[in-house]
Amino acid sequence: MLTSSLALLLLSNVVNGHEHHMNNIAEGEGISSDPIDKILWIHILIQIFGWGILFPTGMVLGIVRNRWHVPVQILGTCFAIVGYFLGHAHKGRQFAPTAHAKFAPWLNFLLATQVILGIYLKLHLEKGILGKVRPILVRAHGIVGKVMPVASWVQLLFGGIASLGFCRGDHLGQCLAHFIMGSAFIGYAIMLTILLLVGQAWLRRTGKSQEFFDSAVIAAWGCVNTFTEHRWGTDWVHNDIQHTTMGVIWWCAGLLGMWLSRSTSGAPKRNFVPALVIFLTGYAMSSHPQSLMISAKTHAIFGYTLMAAGLVRIIEISFILKDKQGTPNGEPNSWQFLTPFLLTAGGFLFMGATEEQMVTLDAAGVDHVSYLLILYSVAFLMFLFANMLIYLYAVNAAPASIKLDPESNGHINGNGHINGNGHINGRANGHALGGAEEFELDGLMTDEEDADDEDVGLLKEQNGQVK
Ligand code: HEM
Ligand code: HEM
């Protein structure tokens, strides 16, 4: 049933049977003046729930081999199929060709790949050559599975842009800048939160400080921006100069940050550079010239939010942690959540500050205060969801990183704190994140031998693992 619906879905992509009415769209516009109809609203809600909530949750359940992985992903697939047909069946507002419509077949392709691979894996064909192929397919399923939330994010943004007919013609460049940078801030915030809650042990193993990675990315990004923010051969305009100098400061600072990431003895060392770069970027953004009042205010608050994120981070590194990588007991200090949260808020503020959005809000009589409160609300929800997913990973991850210790009379111990009775301490004590220091990111880098190990397999079964 599921596969035949998916086959139908793929086929309908190829044939693209539905008629696309565009007769009501005025010359040069992206949308008609009709309202969005009920069917399209349901499409939007169903797709946000399916692709935005169910699939990412299912992905985490897959990584930790939880038995709810398959049911959740099947439910998500059902939502995606219904949502797909609703996307085609709507009446009401009409749309000129959109990136949202063009990207949809690619997402469907990713999903179909996952379902086919997933069903194959579920059959557990492990004899002979099939046994050799299986690990490769698990890896492929894992990689595509982790790409999916990112691709879904892009499609959700495309959907919002399509609904309003934004980002066409001259507006495209600005849209790209805002949505890519905004998403990058949110992505960075999520990475920081993952490292904070479950990545400490991994970070230690790399032998590098967090700031080394941050600075390397900042330097690389700066190099790109130095050369791409101005159309070479044309006149320099005001914003061009600001954007290009921003690129220059990023790679200059990035180089210093990488250098300061090592102590004189060669040990990893923390430093203030990435935080200061965020602060300076915020300062530049807060005073970026804008034509509308609401735009100037939104950019200003965006800038202040980034400045706060940078300042808070310097205080965290220098005064809360006193240059240590984490707190002594591994439980994050509440202050440490501030930087990733502020970066998330900054990301939404920036994504919400394109010219067209500003003009629309201004015309609708929405002032910057209400708008900021709404964007901050979205940031709270997003940060909540990211934390919930990481928690879901952390409380389930222990069994995935069990290693059988040959020295310990058959007792299982190691990363996951499994004692002789097969109890997982984190879970049994009801504060799984308490031992966050100990969690490895092994679930993200599956060790196939673990899964093949009989004892571990038994334990996984007891713990309700997907098989
Ligand atoms: C609905 C059909 C699906 C089925 C039947 C299915 C089945 C499975 C099975 C059996 C495993 C465990 C593999 C093993 O260790 O033997 C697994 C792992 C996984 N699945 Fe799925 N899956 C499905 C859909 C999805 C989707 C849509 C996603 C992505 C959003 C996904 C993401 C993952 C991930 C990330 C893993 C962990 C792989 C790794 O450790 O590298 N799955 N899945
Ligand atoms: C990742 C989740 C989503 C997927 C996979 C998806 C997929 C689709 C598909 C396949 C269509 C039909 C395109 C066509 O006519 O050829 C469509 C239409 C549409 N979707 Fe989505 N959608 C998603 C989320 C959203 C969201 C969150 C919004 C709004 C906020 C949205 C707004 C729209 C609009 C306005 C249309 C009509 C565009 C048109 O007819 O070209 N979608 N969507």
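**Close-up views of the predicted model**

**View 1. The shell around ligand 2.** Residues are numbered from 1 along each chain as its sequence is written, and chains are lettered from A and ligands numbered from 1 in the order in which they are written. Around ligand 2 there are 23 residues, of which Gln47, Gly87, Ala101, Ala104 and Gly159 come nearest; a residue counts as near if its C-beta atom, placed from the backbone, lies within 6 Å of the molecule. Two or more residues of this shell come from each of helix 2, helix 3, helix 4 and helix 5. By class, the shell around ligand 2 has 11 nonpolar, 12 polar and no charged residues, with Ala, Val, Leu, Ile, Met, Phe, Trp, Tyr, Cys and Pro taken as nonpolar, Asp, Glu, Lys and Arg as charged, and the others, Gly among them, as polar.

**View 2. The shell around ligand 1.** Ligand 1 has 27 residues around it, and those that come nearest are Gly62, Gln73, Gly118, Gly142 and Gly145. Helix 2 (38–63), helix 3 (69–89), helix 4 (99–122) and helix 5 (128–164) each supply at least two residues of this shell, the largest share, seven residues, coming from helix 5. The shell around ligand 1 is made up of 12 nonpolar, 11 polar and four charged residues. Domain 1 (1–165) and domain 2 (172–467) each provide at least three residues of the shell around ligand 1, the domain bounds being those of an automatic or database domain assignment.

**View 3. The largest nonpolar core.** The largest nonpolar core has 60 residues, and Val60, Ala189, Phe302, Leu349, Ile390 and Tyr393 have the most contacts inside it; such a core is a set of buried Ala, Val, Leu, Ile, Met, Phe, Trp, Tyr and Cys residues joined through C-beta atoms within 7 Å, and a residue is buried if 20 or more other C-beta atoms lie within 10 Å of its own. Helix 14 (residues 368–400) gives the most to this core, with 11 residues. Because domain 1 (1–165) and domain 2 (172–467) both give residues to this core, the core lies between them.

Terms used. This is a predicted model: local features need pLDDT of at least 70, side-chain atom pairs count only at pLDDT 80 or more; totals for chains, interfaces and linings use all residues. Helices (H or I, at least four residues) and strands (E, at least two) are DSSP runs, numbered from the N terminus. A residue is buried if 20 or more other C-beta atoms lie within 10 Å of its own, exposed if 12 or fewer, and partly exposed in between; C-beta atoms are placed from the backbone.
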